[in-house]
Amino acid sequence: MLQVDFSSTAGYTVAHVIGRLDTVTATDFEGQMSKLISEGVTRIIFDCTKLGYVSSSGLRVFLLVQKQMSALGGKLKVCCLQPSIREIFDISGFSQIFSLFDSVESASQH
Amino acid sequence: MSHQTETKVVSLTNRLNDLDKIAGALEDIAELWSLPVDLTMTLNLVIEEAFTNVVNYAFQDESVHDIELVIQKIDNRLVISLKDDGVAYDPTLNSDPDISMSARDREIGGLGIFLIKKMMDKVSYERRGEANILTMEKLIAD
């Protein structure tokens, strides 16, 4: 199960990614992100406070959004990774690709 | 020397919705075998990566194929094997992605097998008759 709630802060759209981001739910997540970007959103924060699981399919969507933001001159920031998810980011080299923050507030201010 | 072995067999098919079955089975054994939450997540991840590869690439028809997942705890070792009757394919021979690349240059995909190799202590492949068998092992910390 995956749920994505949206809010806004300091000019950013915050996507609160809640639950499990696996091969099945990643498709839905990708669709929601495509829709958001097609609506012209170019400043996005992924709040992963309640993201309990991510597989390579989920990481793929993170990378896709990052590539789109780069192409559009936008920004993607990622905050609040749980330690086990952070480990997966470290192993896959994603910690270097993404701007990681400890809170939504610090992500929106830097 | 006698070994203490516990075994869980999960019957799957080549449908991605069976990921729920995998997650459910892991919740069961995590409780039965007192596995830590982080380890359970790691096992879920490597099984998902292996299973998804098989579902997406092993079969050239639209038929339903059985895939057998066996999870064993042998003393302080976890041994996971995934068996399918798809085309012969050894995922351990995949080259690793370049993880030092920037987002712009980084290719989408190719991470699954890499994560398995990094997160497990031993990964091996065998073609036995018409079956692919991928075996992944991890030691459990005392």
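Q: Is the crossing of H3(A) and H2(B) left-handed or right-handed?
A: This is a predicted model, in which local features need pLDDT of at least 70, side-chain atom pairs count only at pLDDT 80 or more, and totals for chains, interfaces and linings use all residues. Residues are numbered from 1 along each chain as written, chains are lettered from A and ligands numbered from 1 in written order, and side-chain values use heavy atoms, without hydrogens and water. A crossing is left-handed if the near helix is turned anticlockwise from the far one by less than a right angle, and right-handed if clockwise. For H3(A) and H2(B), the crossing is right-handed.

Q: How are H3(A) and H2(B) oriented to each other?
A: Helix H3 of chain A, residues 83–92, packs with H2(B) at about 45 degrees, their axes being 10 Å apart. Angles under 35 degrees count as roughly parallel, over 145 as roughly antiparallel, 65 to 115 as roughly perpendicular and the rest as oblique; H3(A) and H2(B) are therefore oblique.

Q: Which residues of H2(B) meet H3(A)?
A: Contact means heavy atoms within 4.5 Å. From H3(A) come Ser84(A), Ile85(A) and Ile88(A), and they meet Asp38(B), Met41(B) and Leu45(B).

Q: How is H3(A) set against H3(B)?
A: The axes of H3(A) and of helix H3 of chain B, residues 112–119, come within 10 Å and cross at roughly 110 degrees. The orientation of H3(A) to H3(B) is therefore roughly perpendicular.

Q: How far apart are the end C-alpha atoms of H2(B)?
A: Helix H2 of chain B has 21 residues, 37–57, and at 1.5 Å a residue these should span 30 Å. The expected span agrees with the distance between its end C-alpha atoms, which is 30 Å.

Conventions: Helices (H or I, at least four residues) and strands (E, at least two) are DSSP runs, numbered from the N terminus. The expected span of a helix is 1.5 Å times one less than its number of residues. Axes are lines fitted to C-alpha atoms, for helices over the stretch in contact, and angles run from 0 to 180 degrees between N-to-C directions.
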